[in-house]
Amino acid sequence: MSAAAATQPLVLAGGTITQVTPAFCNASGLSPFVKLGDRVTIGSEHGASQLGEVIRLEESQVTIKTFQEPITAGLGAKAWKMGQAAIYPHPSWKGHVFNALGIPIGENVSLAHGDQPAFPDRNAPSALRRQRINAPIKTGVRAVDLFTPICLGQRIGIFAGSGVGKSTLLAMLSRAQGFDTVVIALVGERGREVREFLEDTLGESRERVIAVVSTGDESPMMRRLAPKTATCIAEYFRDRGDKVLLIVDSITRFAHAAREVALAAGEPPVARGYTPSVFSNLPNLLERAGPGEIGTGSITGIYSVLVDGDDHNDPIADSIRGTLDGHIVLERSIADQARYPAINVMTSISRLAQHAWTPEETTLIGKLRSLIARFEDTRDLRLMGGYRAGSDAELDKAIEIVPRLFDALKQSPPDPQSTDAFQEVARALQNAAAAAAAPPPQQQSQ
């Protein structure tokens, strides 16, 4: 008998479907036997069954939302209690792709299952038993390692509108060295991009990657579950002592799915259509990443945040930004200049940068930020021809250095990974200065 089968009750509690809508169905007779979040199976008129979850509990009936749409059951169909959801991660899962339910997809392989259940809804480690964060890690992306360095166990968000390069930057970060295991949750992604991401972008790194995929055409139940399943798998490897990199693209689509489920359960919308439970689900999920308890590993979490309408103060973005340990902001105006990754270094911040920078590097970054701010603040003035060279020594220095710095920070997925961002940028600036100072070649005589 499998570990999963051993957890099933010997006697099943059942109920009867009394109402079916496009979004959910109601069943009577199950109320005394189930809790919120319990799984149920529903028999359909075609003889197959659908898996669902209890999302609302009343004295006379329960509300069930299925993981597959549309709901095929009719009135009078039977609903059977299956108990609490669990998966059974195993080290052999590396290199494979799973759906939100923890079932392998796209492969004709039989994977081993662990002995201990892992639950998608789990509490974060105790705050007082967690390890301290103090070990920096190189991501291989110069702009990130220079201005928003990441430490093992840190949680950081990538904030941007659609089409600005979030997924591309995440793909570059997924190749970072220093991690034992990489868990990637693709939530609400376009179906055509999944194989492209796994096969082309990850390349040789795929053998240490576990991917949990829920495409945009799947039900909100699957899209809501995918990040939880990925976090659950990451926690399993963290508890084994691994240094885990968890990437979720995107956490906003998780919030959208959670909103759909909560509205089906009857919750009222309170902020731009989002229900109160969405704003409690977000920190519950995000806090599970981070350093583990003493004696275990860590989960370094990188979450992409799709900013609706390029409004960086929308309720979801604001809630996530206040929970994470830093944020990287991608700007459309920078992408329009073909500067990728399109990171706005002035509005991006890492709250743990002090553990990654030396005192000298901290001073240098402060000076670079000051020059960039000076350069950007006077952009309109210079474009109108209202500034003459020599009027302001600091601005002259910014005009000389900042464009070269921007060129040095450019990086695309095919480019080699950065090994020392400070040294590489310093060499690029020196080479650019030498090239600018060199006399122009003399024209050859005819």
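A salt bridge is a side-chain nitrogen of Lys or Arg within 4 Å of a carboxyl oxygen of Asp or Glu. This definition applies to the first view below, and the model in every view is a predicted one.

**View 1. The salt bridge between Glu424 and Arg142.** The side chains of Glu424 and Arg142 form a salt bridge, with 3.6 Å from N to O. Between domain 2 and domain 3 the count of salt bridges is one.

**View 2. The contact of domain 2 with domain 3.** The domain assignment of the protein gives domain 1 (14-83), domain 2 (91-354) and domain 3 (360-428). In the contact between domain 2 and domain 3, 21 residues come from domain 2 and 21 residues from domain 3. The C-alpha centres of these two domains are 31 Å apart. Together domain 2 and domain 3 bury about 2,100 Å², and 58% of that area is on carbon and sulfur atoms. On the domain 2 side, Arg142, Leu146 and Phe147 supply 37% of the area buried against domain 3, more than any other three residues.

View 3. The volume of the largest pocket is about 790 Å³. Its lining has 35 residues, of which Glu53, Asp121, Arg224, Lys228 and Asn281 are the closest to the centre of the pocket. Two or more lining residues come from each of β4 (49-57), α5 (220-239), α6 (251-264) and α7 (276-286). The largest share, six residues, is that of α7. By class, the lining of the largest pocket has 17 nonpolar, seven polar and 11 charged residues. The largest pocket lies between domain 1 (14-83) and domain 2 (91-354) because both domains give residues to its lining.

View 4. Three cavities of 30 Å³ or more are found in a search of the whole structure. The largest cavity has a volume of about 100 Å³. Its lining consists of Ala143, Ile334, Arg339, Tyr340, Pro341, Ile343, Val345, Phe406, Leu409 and Lys410. Eight of these residues are nonpolar, none is polar and two are charged. Domain 2 (91-354) and domain 3 (360-428) each give at least three residues to the lining of the largest cavity.

**View 5. The cis peptide bond at Pro341.** Tyr340 and Pro341, both in the lining of the largest cavity, are joined by a cis peptide bond with omega near -5 degrees. Pro341 is in the loop between α9 (332-336) and β17 (349-350).

**View 6. The second largest cavity.** The second largest cavity holds about 50 Å³ of space. Ile137, Thr139, Ile150, Leu173, Ala176, Phe179, Leu245, Thr300 and Ile302 line the second largest cavity. By class, this lining has seven nonpolar residues, two polar residues and no charged residues.

**View 7. The cis peptide bond at Pro70.** The peptide bond between Glu69 and Pro70 is cis, with omega at about 0 degrees. Pro70 is placed in the loop between β5 (62-66) and β6 (78-83).

**View 8. The backbone at Arg272.** Arg272 is not a glycine, yet its phi is positive, at about 50 degrees. The loop between α6 and α7 contains Arg272.

Notes. Residues numbered from 1 in each chain as written. Predicted model: local features only at pLDDT ≥ 70, side-chain atom pairs only at ≥ 80, totals over all residues. Heavy atoms only, no water. 1 Å grid on protein atoms, 1.4 Å probe; cavity = no way out; pocket = protein on both sides within 12 Å on 5 of 7 lines; lining within 4 Å. Points joined across faces, edges and corners; volume = space filled by probe spheres on them. Helix = DSSP H or I, 4+ residues; strand = E, 2+ residues; numbered from the N terminus. Nonpolar A, V, L, I, M, F, W, Y, C, P; charged D, E, K, R; others polar. Domains from an automatic or database assignment. Contact = heavy atoms within 4.5 Å. Buried area = accessible area lost by both parts, 1.4 Å probe.
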